[in-house]
Amino acid sequence: ESSFLLGNAQIVDWPVVYSNDGFCKLSGYHRADVMQKSSTCSFMYGELTDKKTIEKVRQTFDNYESNCFEILLYKKNRTPVWFYMQIAPIRNEHEKVVLFLCTFKDITLFKQPIEDDSTKGWTKFARLTRALTNSRSVLQQLTPMNKAEVVHKHSRLAEVLQLGSDILPQYKQEAPKTPPHIILHYCAFKTTWDWVILILTFYTAIMVPYNVSFKTKQNNIAWLVLDSVVDVIFLVDIVLNFHTTFVGPGGEVISDPKLIRMNYLKTWFVIDLLSCLPYDIINAFENVDEGISSLFSSLKVVRLLRLGRVARKLDHYLEYGAAVLVLLVCVFGLAAHWLACIWYSIGDYEVIDELTNTIKTDSWLYQLALSIGTPYRYNTTGSGQWEGGPSKDSLYISSLYFTMTSLTTIGFGNIAPTTDGEKIFSVAMMMVGSLLYATIFGNVTTIFQQMYANTNRYHEMLNNVRDFLKLYQVPKGLSERVMDYIVSTWSMSKGIDTEKV
């Protein structure tokens, strides 16, 4: 809870090498503003700062002494504040002063009200009221926090899940008054719910194409129940979206129920509704016509529209290189998975000729069955249909293997298209795959270049400084201090030009 600065005692004017959050909050300056300023806090002096105290502070630093002062300093907004300032030299193992530790406490509450240009002519009571108002931070530290204040603190969970920055938007600093049935879009419950929906969206994107292609849900109640539960959760999400605030064009929180409904109906409602229709329930009835059943089985692919929910959250993460990298890998894997499901569906459709009830020996499924020792066989005694063949797990792994080798342009050739349908699909996949491959790995190269760009700039700067020091034969002690200064500055600013920013 303390507020302090660390100043370098080895460099002229004792520049600040570290400022903690407490001092930044107390002074109103950002850490980047404080860095490289003098640890005497001369940048906070003003017309009411006592000249004798300034001189005493200077002498304390000159003589490497320990001392304390009551000094009037000015915040960034030029508000005068009384500080109790303590200065302590820090020595190394050779008893040489290397740092100054300066701690600060706001004591305005215990001093006479300050009279500056803005309060001239005010009564003593008015100046006292202003001093008390400006010292709310001191009052908050002196008074214990009650339960009501704890409830309104920002949720740490919400901050982590939203990758929240240190500086919150204006609408998050104000707690807007909302009707009882309206949910704030950035509260902990809504954030957690959004992540649950996001996870279920990825589940849908993976399992729906797999179930449609491999027909895993025929006579399988477990899959039907699981997907029905997921559908119910997405329907509940639609209801919640009709009662969730959103940020308007002016940066304000819109909590009017009518405006919320109109906004949702205009944007994502139709897509969300189409992706939640219970296609499995209709498909589950045995007396449904086969053509309608297959139609609804295909319509389940519409659930992939739920990926629209992912698009809504992408803007939070696209500024992070690592997040973009993971996202690109996921996109590549998801595309390979979808294409593997289509590849198997084509093979499964073509391997048996239903008109003549014969098997096509040139299909990739027939060739795979022979190579792994599980050939198709004709059941003459029972159903009179073709049986056997590879297991579903083996078929999926082989399909994914083929699409991955095609998308990455490797293509071993041990699984190859032979029929016309397979060849047409392979050509289309190669065209899509080449674009996907170029896009993803082009972005990966850019991300890695950006990651190393700062490091290269840092080493280039160090080399330039070393060459300069050699050229002008700067003494060894000064050279070491210069290098220490540059390294410590970079570690704080990461090479950012604060003035430019």
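**Reading helix packing and a sheet**

Mentor: Let's begin with helix 16 (residues 321-350) and helix 19 (residues 420-471), which pack at an angle of about 175° with their axes 10 Å apart. This is a predicted model, where local features need pLDDT of at least 70, side-chain atom pairs count only at pLDDT 80 or more, and totals for chains, interfaces and linings use all residues. Residues are numbered from 1 along each chain as its sequence is written, and side-chain values use heavy atoms, with hydrogens and water left out.

Trainee: What is the direction of helix 16 relative to helix 19?

Mentor: Two packed helices are described by the angle between their axes and the distance between the axes. Axes are lines fitted to C-alpha atoms, for helices over the stretch in contact, and angles run from 0 to 180 degrees between N-to-C directions. Over 145 degrees counts as roughly antiparallel, so helix 16 is roughly antiparallel to helix 19.

Trainee: And how many helices and strands does the protein have?

Mentor: There are 20 helices and 11 strands. Both are DSSP runs, numbered from the N terminus: helices are H or I with at least four residues, strands E with at least two.

Trainee: In what order do the strands of the open sheet come?

Mentor: Strands pair if DSSP finds at least two bridges between them. Here 5 strands form an open sheet in the order 2-1-5-4-3, with antiparallel pairing. Strand 2 (16-19) and strand 3 (67-74) are the edges, each pairing on one side only. Strand 4 (residues 80-91) and strand 5 (residues 97-106) share 9 bridges, and R91 has V97 of strand 5 as its bridge partner.

Notes:
Angles under 35 degrees count as roughly parallel, over 145 as roughly antiparallel, 65 to 115 as roughly perpendicular and the rest as oblique.
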